[in-house]
Amino acid sequence: MTANAERGAVSHSKAAGTLRAQALPYLLLAPSLIFLAVLFALPFAQTLLLSVSDGDRLSLANYAKMAGDLNFAPALRNTFALVLTVIPVQLVLALAMAMMLQKVRVARDIVLWIWTIPLAVSDLAAGLAWFAILQDSGYLNSFLYAVGVIPDQQAWLSYETPSTLFLGIAAAEVWRATAIVLMILVAGVQLIPREYGEAAEVFGATSWQRFSRITLPLLKPSLQTALILRTVLAFEVFAVVYALGGRNFPVLVGEAFVWQHENQDYGVAAAYAVLVMAVSLAATVVYLRALRVPREQQA
Amino acid sequence: MIAARRLVFATGVVALCVWVLLPIYLIALGALGGRAAVYQWPKSFLPMEASLSTLGAFLEVEGIWHAAINSVIAAALCMVFSIALGAPAGYALARFQFRGQNAYRLLIMLTRAFPLAMLALPLTVSFIRLGLYDRPLGVALVHTALALPFAVLISSSLFMGIPRELEEAAWVFGCSRLEAFRKIVLPLALPGIAAAAIFAFVISWNEVFAASVLTVRERTLTAYLLTVLSESPVHFRLAGGLLLIVPSVAFIFAVRRYLFAMWGIANR
């Protein structure tokens, strides 16, 4: 009887123990989940609500105001033009750099570190660095003057030179954000077993064939991650643009900032935010479908 | 022939290094050269009269120190929050099999594929009501939402790298789960956790949009620079840029090893 009771007590405490062990992972996740609910889900819902409310009633007035604004069409055009120019260049450049890195024998670590320095640079600081180069009495003009290409200072970033302003911003973006793509791709390349390439080499594959038939398909998960992350961030382009062109080059997030901070019209700012979110989400879905990873490759 | 190809290859590598380093060199040159260098035409590409005096003068401008201190406070808070919230989640993902695990991973991925800084816009209203507006704490909370996914992923990959057997051995010898974690796992994970913390610090230090939206007087350094951009002289702007670059590059240099571990795991 006593033995039985004892055994009962033991199994009871054991059950409590396993129950606690089962609850443990949830308890560990709970703080981060609560945080994300309050600072991710809630403001997300608020943004949606704010964008469709006009005083107390629902309306699309904010969207109408946004679309009717003089800067809206250029902002939309500029943002898309930047994304569509910068992302392909970054992808090709980062892929080339990742492949080159495999062949670097001397000082590989140093090269890799130098190439990933821009990862640490704020977009505002990157914009300012390129401003130092491209401003009227800047280093690009000094160089071109020294080699005799231009007779005097030449404006690149002004309102009258929209195409060079665009190129300057694109260059700064490529400079700043290629590093993150490179880093993700290098990490992905390290996961590809060397034997695959070696086997292909034995069977006489050229280096281009090895790249296009082996490395590229196996890099798909990394490419997907890199493209999603980069594209979402590219649609948020803002500080680089302000540092280089001020208000001369409207972009979507810049307009959201102006409506919020200067015009104090939170509804229109929210409409811009929803637009940026929708565009980012659409891009993510496109990448997920276009670069679908086969099941056997999901580790 | 092979020698020629080698040369082309080496030139390419060096050219890409120059491409990365040149803008940083030039902003430093402009920032340290002072007023004279900024208006010099054509400019010299060598540090002729570089001195710390401009940078010193820049730091004496009203508000810069205050903004820098606000930036440090926000970044430090962001660092603490992301680790306090992210490391336990990372441990759970690394050590347990449980229902909802994949849903949680998906949520973390989702936050990464989302323009999070935009969420600062509606938060302005609630933060004003809660007394968090225009305070480094409020900025730090939004930055934590940005840094948390990375903290979770880095720490989960860290804990996965520490053999479970070590912990189990400690249980056998009578350690409780908490003791085993504190005495065995934590010391091994600490360098990596520090790396994740530094990464969170840099994310916050560099962030511009949310910081500018959520502050008016208690601006962070990025918010301060953004607002004075149009009215400050060129050499001050460059000095501000340099001030932003130097600490974060130094920090990322310290943790470079862990960044690859993070992306390697994050893709799986």
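Two residues are in contact if their C-beta atoms, placed from the backbone, lie within 7 Å. This is a predicted model, in which local features need pLDDT of at least 70, side-chain atom pairs count only at pLDDT 80 or more, and totals for chains, interfaces and linings use all residues. Residues are numbered from 1 along each chain as its sequence is written, while chains are lettered from A and ligands numbered from 1 in the order in which they are written.

**View 1. Helices α5 and α7 of chain A.** D123(A), A126(A), G127(A), W130(A) and L134(A) of α5(A) meet G168(A), A171(A), A172(A), W175(A) and R176(A) of α7(A). By class, this contact has six nonpolar, two polar and two charged residues; Ala, Val, Leu, Ile, Met, Phe, Trp, Tyr, Cys and Pro count as nonpolar, Asp, Glu, Lys and Arg as charged, and the others, Gly among them, as polar. Helices (H or I, at least four residues) and strands (E, at least two) are DSSP runs, numbered from the N terminus. Helix α5 (residues 123-134) of chain A packs against helix α7 (residues 162-191) of chain A at an angle of about 130°, and their axes are 10 Å apart. Axes are lines fitted to C-alpha atoms, for helices over the stretch in contact, and angles run from 0 to 180 degrees between N-to-C directions. α5(A) and α7(A) are therefore oblique to each other, given that angles under 35 degrees count as roughly parallel, over 145 as roughly antiparallel, 65 to 115 as roughly perpendicular and the rest as oblique. The crossing of α5(A) and α7(A) is right-handed; a crossing is left-handed if the near helix is turned anticlockwise from the far one by less than a right angle, and right-handed if clockwise.

**View 2. Helices α3 and α6 of chain B.** Helix α3 (residues 64-95) of chain B and helix α6 (residues 136-160) of chain B cross at roughly 35°, and their axes come within 5 Å. The crossing of α3(B) and α6(B) is right-handed. The contact between α3(B) and α6(B) comprises 23 nonpolar, eight polar and one charged residues.

**View 3. The contact of chain A with chain B.** Chain A contributes 79 residues and chain B 75 residues. On the side of chain A that touches chain B, helix α1 (residues 2-51) of chain A gives the most, with 14 residues. That side of chain A has 59 nonpolar, 17 polar and three charged residues.

**View 4. The domains of chain A.** Chain A is divided into domain 1 (2-51) and domain 2 (75-297), with bounds that come from an automatic or database domain assignment. The C-alpha centres of these two domains of chain A lie 41 Å apart. Their contact takes four residues from domain 1 of chain A and six residues from domain 2 of chain A. The side of domain 1 of chain A that touches domain 2 of chain A has two nonpolar, two polar and no charged residues.

**View 5. The domains of chain B.** Chain B has twelve helices and zero strands, and the domain assignment gives domain 1 (1-51) and domain 2 (62-266). The C-alpha centres of domain 1 of chain B and domain 2 of chain B lie 32 Å apart. Eight residues of domain 1 of chain B are in contact with seven residues of domain 2 of chain B.
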